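I opened my notebook today to look up a few things in this structure. Here is what I wrote down as I went.

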Amino acid sequence: MKPLVTPAQAVSRARPRTRSNGLPDRALAWIFVGPAILLLLAFNIFPLLWTLYLSFTNYRANRPSAAVQWLGNLNYQRILNDPEIWQNLQKTAAFLVSTLFFQLLLGFALAWFINRKFRTHAFITTLILLPMMLSPAVVGTFWTYFFQPQYGLFNQVVGAFGDPSSFTMLGDVKLAPWAIVLVDTWMWTPYVMLLLLAGLRSIPDYIYEAAEVDRASEWTKFWRITLPMMLPFVVLAVLFRVIENFKMFDLVNQLTNGGPGSTTELAAITLKREAFEKWRTGFASALAIILFVSIYGLASVLVKFLERVKKA
Amino acid sequence: MIGISPPPAPPPARKTSTSRSAPSGNKDPLEPSKAAKTFSGVVVYLYALITLLPLLWIIITGFRSPSDAIAYPPKLFTPPSLEGYVNLFTTRTRLSQQELDALPPPSSFVDKIARDQQMVVVGPSGFLKRYTNSLIVGFGSTFLSVFLGTLAAYGFSRFRIPGKGDWLFFILSTRMMPPIAVAIPIFLMYRTIGLSDTHLGLILLYTTVNLSLAVWLLKGFMDEIPQEYEEAAMIDGYSRLDAFRRVVLPQAATGIAATAIFCLIFSWNEYAFSLLLTSGNAQTAPPFIPTIIGEGGLDWPAMAAATTLFLLPVLFFTVLLRDHLLRGISFGAIRK
């Protein structure tokens, strides 16, 4: 599409250019992209490399003047041979899978119903977002209040049919892992819903119109149009939630602090214990690098998958 | 802008995200039936009712007295009390009845509420300072991440940058490091360059974390704005920068607004970095709120009051920009 040339434009074109973009696009590109990359290098990659260095040493942040010894990969060996850390990684994986499952399920259902565009759907959508606007640390703290066996809101509501004080979500080895899943789902389902709703809205109407002409059933439309077309958004929601929940710290730290015992000790909680309670900075750094590499690997698989479904 | 003709008329709104059904008299076959709509509405309202109950409970708790908040059996209705708010903003000390009797009558309602608890106000609490810090750090870093993110997203969207895909993934990967892990190196680094416990230090850090999301959200958005508009503007004598400012930016406004909401939600609520890297001077409110202690444990009403007040700016910002929220995360690039 070529715009019509008005006389004014013709004149302005004939005029010798006093344009300020003497810069070639290549230089301009770095002006646009450069500041962001510089900032990331300084405040993210540099500390990351430092962490990598520390992970090969026995450095202790609470004894800064002690001599630092190079340990080689000893820290890594210790971690990979530590059954407790493996258990905690499994707990993290279980947490990741169950939160994703519930958030995708609820988020999709919500997005689907909101997309029916009933009256006041815009209003209620904003309202539903409220839990994700809270601070995770504050949410974690307040849910300990709601989970109080005697006067807690949750126990009162759920226990309304029986005895509210007959169960303690946070004190029970079986229930505590579900408590953190429940709170995380309460908080982040709106986020997933928002992404999936954007996905639903991105499907052009004419595809459904064509399906209508072909008299496709609702079921067919859902499986053949809706789901494949919004798959990229599902993958994106998974990607963002995986990145956030793999390093989940603040909410669980406040809610259970890993307890009871170490039932809800997710990887980031172990990290905190090693780094700021036992002050084994080198060891904690090695664990951090292992976590980072795991998230990185998982995320790159998801991004590859995203590229594939985008093209499809 | 002398001598430069106006840029092409603003293009029509992007088709994918706006009006669905043409305003025709015929019944749109894609329009859900009335029953389906009602049913959907009921389900969504039910979800909202259940999930907002805890939040409502927090707000109500802010207006209970500390003893009512932990009463057993729990009370649904309690006489409204401002003790939580008074406790949040003040530090108090307990006095004996004789000492209280000896004092002159309370000078303000704050004083009166404290006296009713057998206490006197001895000074302000740290909450106001934390709140101000949160405002500075939260909005400062949101502005910076959106600013840098917009530039970078435009750069990645329009220019041929060697290894573009790798850079984009690299930017995303910066969000993957657990904050606890990098806190120690950052602490050492900040101490060396004098950024420990400063607003600027936190702003830069939050900006770094937010940049990844900002670039990803905005690049998708920029990709959807047809290049022809800028090219036309540049043919008309606009420089690349002018074209960016006057043609691209207005069209990207929706994406920018949505990105700003997400950035604010993160930097406003961030906990770990603030807890580990700042203290008296620059610490924001999230590490402070869960530690408000009353007599005999956590002061739930004061914490509830803090949570309520702390929610307001984000809520206000989101409501202000809510129309952009959904269209802004269309991730247009995904379609291509």
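**Entry 1: who meets whom.** I began with the contact between helix 10 and helix 13 of chain A in this predicted model. From helix 10 of chain A I listed, among others, A:Leu231, A:Pro232, A:Val235, A:Leu239 and A:Phe246. Their partners in helix 13 of chain A include A:Ile295, A:Leu298, A:Ala299, A:Phe305 and A:Lys310. I then sorted the contact by class: it has 17 nonpolar residues, no polar ones and one charged residue. Lysine counts as charged, so I put A:Lys310 from the list down as that one.

**Entry 2: how the helices lie.** I looked up the angle between helix 10 (residues 218-246) and helix 13 (residues 281-311) of chain A, and it is about 170 degrees. Their axes are 9 Å apart. Angles over 145 degrees count as roughly antiparallel, so helix 10 of chain A is roughly antiparallel to helix 13 of chain A.

**Entry 3: domains of chain B.** Next I turned to chain B, which is split into domain 1 (66-124) and domain 2 (127-291 + 311-335). I noted 42 Å between the C-alpha centres of these two domains.

**Entry 4: how confident is the prediction?** Chain B has a mean pLDDT of 83, with 88% of its residues at 70 or more.

How values were computed: Residues numbered from 1 in each chain as written. Chains lettered and ligands numbered in written order. Predicted model: local features only at pLDDT ≥ 70, side-chain atom pairs only at ≥ 80, totals over all residues. Domains from an automatic or database assignment. Axes fitted to C-alpha atoms, helices over the stretch in contact; angles between N-to-C directions. Helix = DSSP H or I, 4+ residues; strand = E, 2+ residues; numbered from the N terminus. Parallel < 35°, antiparallel > 145°, perpendicular 65-115°, else oblique. Contact = placed C-beta atoms within 7 Å. pLDDT = per-residue confidence, 0-100.
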